[in-house]
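Have the structure open and follow along.

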Amino acid sequence: MRVTAFSALLFAACAIAVPSPRSHVVHERRAAEPLEWTRARRLEPHRILPMRFGLAQQNMHRLEELLMQVSHPESPLYGQHYTPAEVVDLFAPSAESIATVTRWLTESGISRDRLRLSSNKGWIHLNVTTAEAEELLQTEYHVYTHPSGDEQIGCHSYSVPAHVKGHIDLIKPTVHFNHRPTANVLQRRSGPNLGAPSIFTGPKKASKAVAITPSLENCDKFITPDCLRALYSIKYKPVATKKNSYGIVEFTPQSFLEKDLDLFFGQVGTRPIPVLIDGAVVQTTEQDFDVNGESDLDLEYAMSLTNPQPITLLQTGDLVEGAGFDNWLDAVDGSFCTFEGGDDPEQDTIPGPESCGIVAPPHTVSVSYLQDESTVTSAFANRQCSEYAKLGLMGTTVFHSSGDNGVAGNGGVCLNAQHQPVKNNGTVFNPGFPASCPFVTAVGATQVNPGSTVNDPEGACEQVIFSGGGFSNIFPLPSFQADAVKSFLKNHPPPFTNGEFNNTGNARAFPDISANGANYVIGIDGNFSLVFGTSASSPVVGSIFTLVNDARLAIGKRPIYNPLFKPAFNDITSGGNRGCGTPGFTATTGWDPVTGVGTPNLSKLLVLALVLP
């Protein structure tokens with residue numbers, strides 16, 4: 001429902017007695033100063049800013065509990081997923097929160113007819129001038145410039161009245177430095193950018209082109225779909241494809257090339273089903289590894305392993321602005337859209353319909369993009385992470401690559417003692433986000449060790465890339481992994497004593513699981529090449545669980561959410577994920593912050609999954 005003025009509910013809420021504003025308190029500070037960006041000047045006072053006030057949601061303290069109720073096999077509510085409408089009702093902000101924030105704005109001189117409440121009641125939208133925003137939030141807005149010529153606006157911190165603070169999660173645009181450079185500078189840039197495809201977050205390319213060698217004897221040098229079938233006992237052919245769904249997220253300008261799919265499959269015509277989000281295009285103007293490698297890799301292996309299951313391509317973002325994680329979340333979950341039945345205006349200013357709930361959430365989704373956790377505020381990270389949990393309540397499992405730089409962040413960036421990213425000599429580990437969110441399934445990388453075969457145990461990936469893993473500095477330890485993590489810290493204590501990682505024992509740890517991430521043969525720009533990365537691991541794991549869902553759907557059961565059945569995983573006990581001048585963590589017996597609980601065995605998973613309700 002599109003809302004052009006406050007609803008009757010909001011007017012009723014405004015009748016609730018709330019205190020008048022008094023003193024302001026700081027609500028958020030920028031998590032980290034962005035590398036390679038320079039504060040250039042004050043933002044013009046007449047500039048119009050599309051402000052969004054994210055209202056505090058109800059029942060967030062029950063999020064993990066509710067998710068476990070529908071996803072834990074021993075729960076009497078197992079598999080009884082929520083509808084989108086039920087999710088909206090369960091987490092909608094209270095009338096008191098709506099009234100408190102509304103009164104603060106109107107008593108600050110904002111006329112009520114300028115305010116709009118989102119259909120899910122989660123956001124209040126207001127267009128203001130820079131001068132109004134600075135007075136309202138007691139801050140200063142500046143323009144930041146990049147060597148590429150791009151600009152970003154923001155403030156370093158902002159404040160709200162003390163009595164309002166508990167009713168607001170976050171306000172945008174403020175401290176969240178989420179600039180996405182345009183396509184023509186994509187390959188040259190570095191630094192933290194929200195979800196944007198890059199030479200740091202995408203797969204890594206080998207130095208030479210190769211020819212496919214199909215023999216299983218060569219899987220230590222060339223990974224093909226047959227190697228993965230042998231490694232993970234993938235012997236199942238889908239039969240319930242009309243009931244099932246598998247989504248692959250790609251961020252424009254990343255796009256597949258039809259000629260590459262034809263080359264890889266040895267036939268013409270095998271294609272994904274595109275869903276174009278927020279002005280997205282499957283562009284073909286730019287053709288090289290950095291803009292085609294990720295999408296070619298994801299689709300070639302997802303389509304191979306799940307054939308004949310149709311693959312939904314969630315192509316996200318336009319050529320001007322690119323995309324972020326919020327964009328595709330908007331598209332699959334209308335309850336996340338921020339205002340007027342549409343999404344974030346900073347990410348969607350291209351004329352045309354807003355991509356709000358335009359496609360049902362696929363049962364399984366794979367995302368191979370990542371940013372550093374240090375680049376987001378706690379409020380921002382928690383607000384977005386909760387949306388992954390809501391998708392889980394509706395029956396969707398989201399797999400996220402865990403990163404390719406071991407315990408370091410994108411581009412090998414580490415943190416200093418103040419947890420700020422530094423270009424050189426950082427010694428504190430830099431976990432990735434959203435991989436650190438407890439409501440996604442983070443996927444690390446393994447390898448067929450040199451000289452070994454598919455019949456030998458794999459090790460953690462230590463060729464070209466290192467499996468991302470570690471402990472969050474934001475999210476607490478979720479109940480579902482508490483035993484495994486505490487066991488690791490007790491029985492295999494990491495040899496770090498100088499604050500290199502969050503060793504409290506109460507932090508979310510990742511990855512959850514892993515799969516091969518080395519020596520993938522892909523068709524790319526008309527040739528075969530080798531690539532490496534958790535970018536490969538995530539769509540492979542997503543494919544395996546898509547097959548598990550198919551088997552359950554075929555006998556009238558519902559999809560499963562992240563079934564981490566320990567007996568169905570191959571434990572990885574060798575290799576590490578070095579970074580930040582250290583050897584990183586070491587793979588060992590049981591769960592570890594390099595490969596999680598290990599790699600999946602589909603045959604064993606099917607046995608366990610099919611007996612569930």
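Let's begin with helix α14, residues 602-610, where the buried residues are Leu 602, Leu 605, Leu 606 and Ala 609. "Buried" here means under 20% relative accessible area, with exposed being over 50% and partly exposed in between, using a 1.4 Å probe and protein chains only. Look down the axis of α14 and these buried residues fall within an arc of 100°, so they line one face of the helix; the arc is taken from the directions that run from the helix axis to the C-beta atoms.

Before going on, a word on what you're looking at. This is a predicted model, in which local features need pLDDT of at least 70 and side-chain atom pairs count only at pLDDT 80 or more, while totals for chains, interfaces and linings use all residues. Residues are numbered from 1 along each chain as its sequence is written, and side-chain values use heavy atoms, with hydrogens and water left out. Helices (H or I, at least four residues) and strands (E, at least two) are DSSP runs, numbered from the N terminus.

What does the buried face of α14 pack against? Its partners are α13 (534-554), β27 (569-570) and β28 (599-600), where a contact means heavy atoms within 4.5 Å.

Now jump to helix α2, residues 63-71. Buried there are Leu 63, Leu 66, Leu 67, Met 68, Val 70 and Ser 71, and the buried residues of α2 pack against α3 (84-91) and α11 (378-393). In the loop between β3 (48-55) and α2 sits Asn 59, a residue other than glycine with a positive phi, near 65°. Asn 59 is partly exposed, at 23% relative accessible area.

As background, most residues other than glycine have a negative phi, and most peptide bonds are trans.

On the subject of peptide bonds, the one joining Asn 307 and Pro 308 is cis, with omega about 10°. Pro 308 is in the loop between α9 (289-306) and β13 (311-316). Another cis bond joins Phe 433 and Pro 434, also with omega about 10°, and Pro 434 lies in the loop between β19 (432-433) and β20 (441-447).

A search of the whole structure turns up twelve cavities of 30 Å³ or more. On a 1 Å grid over the protein atoms alone, a cavity is a set of points where a 1.4 Å probe fits but cannot get out, and lining residues have an atom within 4 Å of a point. Points are joined across faces, edges and corners, and a volume is the space filled by probe spheres set on them.

The largest cavity has a volume of about 150 Å³. It is lined by 24 residues, with Gly 406, Ala 408, Asn 430, Pro 431 and Gly 432 nearest its centre. Strand β22 (residues 470-476) gives the most to this lining, with three residues.

The second largest cavity holds about 110 Å³ of space. Of its 14 lining residues, Gln 57, Asn 120, Ser 335, Glu 387 and Lys 390 are closest to the centre. Here α3 and α11 come back into view, each supplying at least two residues of the lining.

Val 367 is buried, with a relative accessible area of 0%. Leaving out residues up to four places away in sequence, Val 367 touches Val 249, Phe 325, Trp 328, Val 398, Phe 399, His 400, Ser 401 and Ser 538. Overall, the protein has 14 helices and 28 strands, and 62% of its 613 residues count as buried.

Notes: On a 1 Å grid over the protein atoms alone, a cavity is a set of points where a 1.4 Å probe fits but cannot get out, and a pocket is an open set with protein on both sides within 12 Å along at least five of seven lines; lining residues have an atom within 4 Å of a point.
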